[in-house]
Each structure stands twice: as C-alpha cells, then as structure tokens.
Amino acid sequence: MALDISRNVSIPDHEIELHAVRAQGAGGQNVNKVSSAIHLRFDIRASSLHPGFKEKLLALRDKRITRDGVVVIKSQEHRTQELNREAALARLKELIKPVLYGDKPRRAPQPSRSAKRKRADQKTKHGQKKRLRGKVEG
C-alpha cells in the first residue's frame, strides 16, 4: 500500500517511518501507559519522488523539514494511535501536494462591460462640465 498524493504520484509505505510515542501534556491515568502519539519521518532525498519535486520540497522554508532533508511530523491531537497516524499522513500529503501542482499564474483582472460603459459616461459628463466653464458668447 502507498500514500497517494495525486493520480500520478504516490509514496510507498517503506519510505515513511511511523513510530508510536507517548503523548505530551496533561492526561488521566492512561496517558502514562499508552503510546498514542505518532512520529512520522520521511526522507526527501532518499525517496522515490521525481528529482524536480525533491528540489522544490527541499527549498520550502518549513520548520518540519530538517537540514538533512527529513520531514518530521508529530501528531498527538487524537486519543487513538490510528487517528493520529491518519492525521500525520494527511499533513504529509498537505505538505507535498502544493509542490506538485505549483501556483496558478496570475491573470490581471479585466474591467467588466458595465464598468467600461460607466467610465466612458463619466468622462463624457466631465468633458461637458469643462466645456460649460468656457467663455460666454454674446
């Protein structure tokens, strides 16, 4: 099984390390006995991703990516290990997905037909106002 990022890109399970650890913070009697938090590690350089995607990922200025090019994600917001595992994988997917698609090129907005008409009408009125300020013949 693999983590599907898009239709064409997926990461094999053996490239993603998942370790169960004890969650931090306040809790009841159970918190000291159960390892419900998940540490996810994904080595970008050693992965099977396209070299162009690797470069873009390594260029990201994200605190979850170490200098060695390893993505480290800790998930502990849920009470169960399975939900934390899914949350960590979803975060990894969210980190990688924008790199695959990139940003859409910006298109300058065009004024609407009514906006163009209003502007032309205003210019005409302004011109008439100026013309009326001319010399009075008579």
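**Notebook: core and salt bridges**

I started at I11, which touches A2, L3, I5, I16, F42, L49 and I96, leaving out residues up to four places away in sequence. A contact here means heavy atoms within 4.5 Å.

I noted the ground rules next. This is a predicted model, where local features need pLDDT of at least 70 and side-chain atom pairs count only at pLDDT 80 or more, while totals for chains, interfaces and linings use all residues. Residues are numbered from 1 along each chain as its sequence is written, and side-chain values use heavy atoms, without hydrogens and water.

**Entry: the core**

I looked up the largest nonpolar core and found 20 residues in it. Such a core is a set of buried Ala, Val, Leu, Ile, Met, Phe, Trp, Tyr and Cys residues joined through side-chain atoms within 4.5 Å. Buried means under 20% relative accessible area, exposed means over 50%, and partly exposed lies in between (1.4 Å probe, protein chains only).

I11, F42, V71, L92 and I96 have the most contacts inside this core. Which elements give two or more residues to it? They are β4 (37-43), β5 (70-75) and α2 (81-101). Of these, α2 gives the most, with 6 residues. I took helices (H or I, at least four residues) and strands (E, at least two) as DSSP runs, numbered from the N terminus. As a general note, nonpolar side chains in soluble globular proteins tend to be buried together.

**Entry: the salt bridges**

How many salt bridges does a search of the whole structure find? I got 3. The test is a side-chain nitrogen of Lys or Arg within 4 Å of a carboxyl oxygen of Asp or Glu.

I checked R91 and E77. Their closest N and O atoms are 2.6 Å apart. This pair links distant parts of the chain: R91 sits in helix α2, E77 in the loop between β5 and α2, and they are 14 residues apart. R91 is partly exposed at 23% relative accessible area. E77 is also partly exposed, at 48%.

I then took R85 and E82. Their salt bridge has its closest N and O atoms 3.0 Å apart. Both residues lie in helix α2, 3 residues apart, about one turn of the helix. R85 has a relative accessible area of 25%, and E82 has 43%.

I ended with R64 and D62. The closest N and O atoms of this salt bridge are 2.9 Å apart.
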